[in-house]
Amino acid sequence: MRSKNIVIGAVAAAFIAAGTAADAKTFRYSTSGDILGLDPFINNEGPTNTMKSNLYEGLIHRAWDLSLHPALATDWEQTSPTTWRFNLRKDVKFHNGNDFTADDVLISLDRIRLPASNMTFVVSSIDRIEKIDDHTIDIVTQYPDPTLLLNLPNFWIMDKEWLEANDAFGLEEGAVVKTFANLNVNGTGPFMIEEWVPDTRTVLVPNPNWWGTPWHNLTRAVFTPIGNAATRVAALLSGEIDLMYPVPLQDVPRLESTAGVQALQGPELRTIFLGFDQHRDELLDMPGTGKNPFKDVRVRKAFYQAIDINAIKRVVMRNAATPTGLMIAPGINGFQPDMNDRFPHDPEAAKALLAEAGYPDGFPVTLDCPNDRYVNDEAICLAVVPMLKRVGIDVKLNAQTKSLHFQKIGRAEQWNTSFFMLGWTPGSYDAHNPLQQLMTLDGEGQGTWNCGRFTHPRMEELTDLIAGETDVQKRTAMIREAFQIHKDEVGHITLHQQALAWGIGSNVKEVKQRPHNDVDLRYVMMN
Amino acid sequence: MLAFIVRRLFQSILVMLAVGFIAFSLFNFVGDPVNNMVGIEATIEERERMAKALGLNDPFPIQFARFAGNALRGDFGQSYRLSVPVEEAIGERLPATLELVFVAAVLALAIGVPLGVYTGLHREGAVSRLLLTTSLIGISLPTFLIGILLILTFSVWLGWLPSFGRGVTVNIGWESNLVSWEGFRSIILPSVTLCLFQLTLLMRLVRAEMLEVLRTDYIKFARARGLTSRAVNFGHALKNTLVPVITITGLQIGSLIAFAIITETVFQWPGMGLLFLQAIQFVDIPVMAAYLCLVAFIFVVINLIVDLLYYVIDPRLRLDGGAARAH
């Protein structure tokens with residue numbers, strides 16, 4: 001009798017064990033490359049940053065829809081134009097059990113500012129942080145900074161005691177460096193690291209002591225890099241992984257027609273555009289003529305109107321693109337929906353404009369284009385060539401690998417280009433960043449990738465003003481004015497935001513797609 | 001014999017120097033690594049500092065002399081991407097590649113040679129014809145396509161084998177796939193993909209050689225003496241086909257290592273080839289240069305070994321040598 005009870009007990013125990021096993025929600029996902037390390041301040045690279053934000057937290061959290069939410073700070077207010085008071089969350093513990101206090105914020109600021117840090121830009125406007133008490137700090141900026149809050153989500157907070165105990169304060173530059181803090185993690189984030197084998201897998205488990213209420217229901221997450229797109233698709237179809245990105249455009253219909261697998265598409269934050277050399281007195285392709293047609297706004301507009309963006313969207317991008325009239329995407333602070341329209345596609349008008357400008361027979365020009373950087377980048381350029389030929393422009397295509405392309409059109413070769421393709425995601429999620437980097441010239445660190453050296457006196461002025469304007473309405477008005485000038489002057493030909501595509505297996509109930517094109521584990525729900 | 005080895009060594013050194021020079025020329029032609037290293041928003045000063053730290057501002061001959069001198073000591077510098085010494089990065093991934101190549105070579109020999117003998121002996125058999133026809137697929141299909149087809153069949157449709165990665169490895173001095181079944185499952189598809197070309201090549205080669213040898217007088221004589229078919233086919237015929245087989249096998253092991261790149265990419269096998277491909281994408285020149293030199297070195301060594309093996313297998317060479325000394 002007793003033995004029978006034992007058997008029943010054993011069977012019941014087995015069932016319970018099986019029950020918990022069935023409740024285990026392991027989420028396996030993959031993308032083309034591995035993370036570069038776990039140190040929050042070494043590498044500023046999209047997928048690496050997302051992995052860091054699973055493990056570490058900032059004072060503020062940027063949710064999947066780009067909205068800002070309290071994280072390690074519960075609330076904040078501006079006490080003067082340059083001072084912000086932050087109340088820190090109490091009873092927050094790091095993964096190793098240490099308490100989170102104001103001292104941790106201070107040492108994180110010191111560390112993110114080390115010369116070898118690649119993340120310094122997120123705190124570039126901060127002058128100092130003052131500790132009021134263990135759970136209150138003042139952030140003092142050098143000038144009134146309207147984008148301070150936008151930058152704080154990537155200012156990850158590390159544990160002072162942990163850094164000191166492991167002698168890990170110092171930083172070393174490079175990917176996959178073998179420093180203590182690049183191989184180990186002690187954050188406050190909702191996930192903890194279990195294992196990272198470079199180029200092979202990263203395993204995470206939920207942080208049982210996280211202060212928040214998790215939306216996800218994962219018990220484990222395994223990230224695996226798979227470089228070959230076809231293998232990545234196969235791994236999803238065979239059920240070895242639950243989510244993968246990016247899905248090659250040609251495989252999207254295939255995934256959609258496969259039972260249990262779906263493709264999730266949405267616009268990315270990156271804007272793809274073409275630019276022209278508006279600086280040289282003589283176009284590189286027209287030696288001896290002493291002419292640079294691109295100095296004439298009519299020529300720039302003719303190029304713009306000669307390009308059929310809808311054909312590019314339909315044929316080259318297989319509809320996985322959103323044509324744009326602005327240099328920033330929806331979701332970026334400062335985006336103006338009513339200004340996002342484009343000049344209409346009109347080859348006749350383009351011809352007329354060219355004739356008016358004195359080039360009825362067109363002129364020769366070389367289009368510099370990358371062939372391994374953006375989605376179908378070379379194919380887009382190949383489509384542009386005949387469109388321009390139709391209005392008489394003799395375009396020669398120079399498509400090459402990204403490192404050569406960026407070297408040629410960039411500062412390294414003194415912007416050795418007449419007509420080029422470039423894509424841009426504002427690192428600060430704010431309109432000021434592209435204004436400063438792409439559309440203006442004068443000033444320290446300005447116009448780094450303004451490869452055509454477009455400039456306009458009023459825009460230079462506005463860009464400086466926008467940097468320090470904290471009144472939202474005034475700032476928006478100035479952003480609108482700058483965008484309008486850029487549009488009227490046809491500073492660049494805006495093309496589109498490429499779409500991001502994720503492949504999702506049947507075990508995933510819901511996942512929130514972030515326009516960053518990477519997975520925040522907070523927003524994954526399994527069946 | 002000694003003169004032969006010395007001559008061979010001298011040729012090998014020339015080859016290595018030439019490869020070293022080509023590898024080094026890469027530094028000047030594949031784009032500016034500084035762009036990838038400091039990020040798109042870096043200032044001119046940051047770029048200058050990085051270029052100087054990497055020694056990219058020195059004149060060409062000085063850079064080459066430095067490269068060659070260091071390479072002789074096995075020092076290929078720091079990987080731009082990984083910030084560790086290149087030999088360490090390659091060393092970490094070498095076991096994965098070597099295990100893959102080992103399994104592929106064993107498969108190619110263990111299947112290719114017997115099949116070659118079989119098809120050689122049964123020229124007209126239906127099985128032979130079938131084997132020869134299918135072997136054309138192995139010769140003509142590109143590796144990446146074979147890999148994808150195998151993944152499609154055995155991972156996606158049948159769900160028997162994993163489609164990517166090394167799976168579970170056990171540390172036996174290095175991370176190994178060969179000691180557990182779970183690990184071995186992962187190596188099956190990539191090694192089959194990698195070996196298919198070599199397998200079919202060996203099979204056709206052994207078959208052709210067998211046909212050749214079977215026509216010779218001494219085989220007829222051996223049969224006339226009443227030796228068993230087994231003794232004739234394997235003891236006499238097969239043994240005499242081995243000289244070209246060994247040459248080809250040796251060279252093919254070199255290409256197995258060099259061409260593992262494609263297989264490793266398809267199966268996300270974390271070996272040297274994958275490292276090399278990532279290096280290309282990142283313009284990680286020290287890794288590319290070291291990889292080229294290493295592959296050249298492997299070929300040179302294999303060639304040397306193959307040449308020496310001739311002495312062991314082919315008595316005529318030894319005889320010539322002996323005759324030369326007698327003069």
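Is A:Tyr245 buried or exposed? A:Tyr245 is buried, as its relative accessible area is 4%; here buried stands for under 20% relative accessible area, exposed for over 50% and partly exposed for what falls in between, with a 1.4 Å probe and protein chains only. The model is predicted, so to speak of local features takes a pLDDT of at least 70 and side-chain atom pairs count only at pLDDT 80 or more, while totals for chains, interfaces and linings use all residues. Over all chains, a search of the whole structure turns up 22 of them; rings of Phe, Tyr and Trp (its six-membered ring) pair if their centres lie within 6.5 Å, and planes under 30 degrees apart count as stacked, over 60 as edge-to-face and the rest as tilted. With ring centres 5.5 Å apart and planes at 35°, A:Tyr245 and A:Trp502 make a tilted pair. This pair links distant parts of the chain, 257 residues apart: A:Tyr245 sits in the loop between β11 (243-244) and α8 (252-256) of chain A, and A:Trp502 in strand β17 (residues 492-504) of chain A. Helices (H or I, at least four residues) and strands (E, at least two) are DSSP runs, numbered from the N terminus. A:Trp502 is buried too, at 0% relative accessibility.

Another tilted pair is that of A:Phe294 and A:Phe419, with 6.0 Å from centre to centre and 35° between the planes. A:Phe294 lies in the loop between β12 (262-276) and α9 (297-306) of chain A and A:Phe419 in strand β16 (residues 419-424) of chain A, so the pair ties together parts 125 residues apart in sequence. A:Phe294 is buried at 0% relative accessibility, and A:Phe419 also counts as buried, at 0%. Both belong to one aromatic cluster, made up of A:Phe276, A:Phe294, A:Phe303, A:Tyr359, A:Phe363 and A:Phe419.

Some rings have a charge over them, meaning that NZ of Lys or CZ of Arg is within 6 Å of the ring centre and within 35 degrees of the ring normal. A:Arg89 lies over the face of A:Trp211, 3.7 Å from the ring centre. For A:Lys301, the charged end sits over the ring of A:Phe343, at 4.6 Å from its centre.

A:Gln446 is in the loop between α14 (432-438) and α15 (457-468) of chain A, and it is buried at 12% relative accessibility. Its side chain is joined to that of A:Thr440 by a polar contact of 2.9 Å; such a contact is a pair of N or O atoms within 3.5 Å, where within protein one must be able to donate a hydrogen and the other to accept it, and residues adjacent in sequence count only if both atoms are side-chain atoms. A polar atom of the A:Gln446 side chain also lies 3.3 Å from the backbone oxygen of A:Asp442. With neighbours within four places in sequence left aside, A:Gln446 is in contact (heavy atoms within 4.5 Å) with residues including A:Gln436, A:Glu460, A:Thr463 and A:Asp464.

Chain A also has an open sheet of 4 strands in the order β4-β5-β7-β6, with antiparallel pairing; two strands pair if DSSP finds at least two bridges between them. Its edge strands, which pair on one side only, are β4 (73-80) and β6 (126-133) of chain A. On average, neighbouring strands of this sheet are turned by 20° against each other, direction ignored. Strands β5 (residues 83-88) and β7 (residues 136-141) of chain A run antiparallel and are joined by 5 bridges, and A:Arg85 has A:Asp138 as its bridge partner in β7(A). Helix α3 (residues 102-112) of chain A lies across β5, β6 and β7 of chain A, at about 165° to β6(A); axes are lines fitted to C-alpha atoms, for helices over the stretch in contact, and angles run from 0 to 180 degrees between N-to-C directions.

Chain B has 13 helices and 2 strands, and 43% of its 327 residues are buried. In helix α11 (residues 272-282) of chain B, the buried residues include B:Met272, B:Leu275 and B:Phe276. Just after α11(B), B:Val283 has a positive phi of about 55°.

A few backbone details remain. The peptide bond from A:Tyr245 to A:Pro246 is cis, with omega near -10°. A:Tyr429, not a glycine, has a positive phi of about 60°; A:Tyr429 is found in the loop between β16 and α14 of chain A. B:Gln268, also not a glycine, has a positive phi of about 50°, and B:Gln268 is buried, with a relative accessible area of 4%.

Key
Residues numbered from 1 in each chain as written. Chains lettered and ligands numbered in written order. Heavy atoms only, no water.
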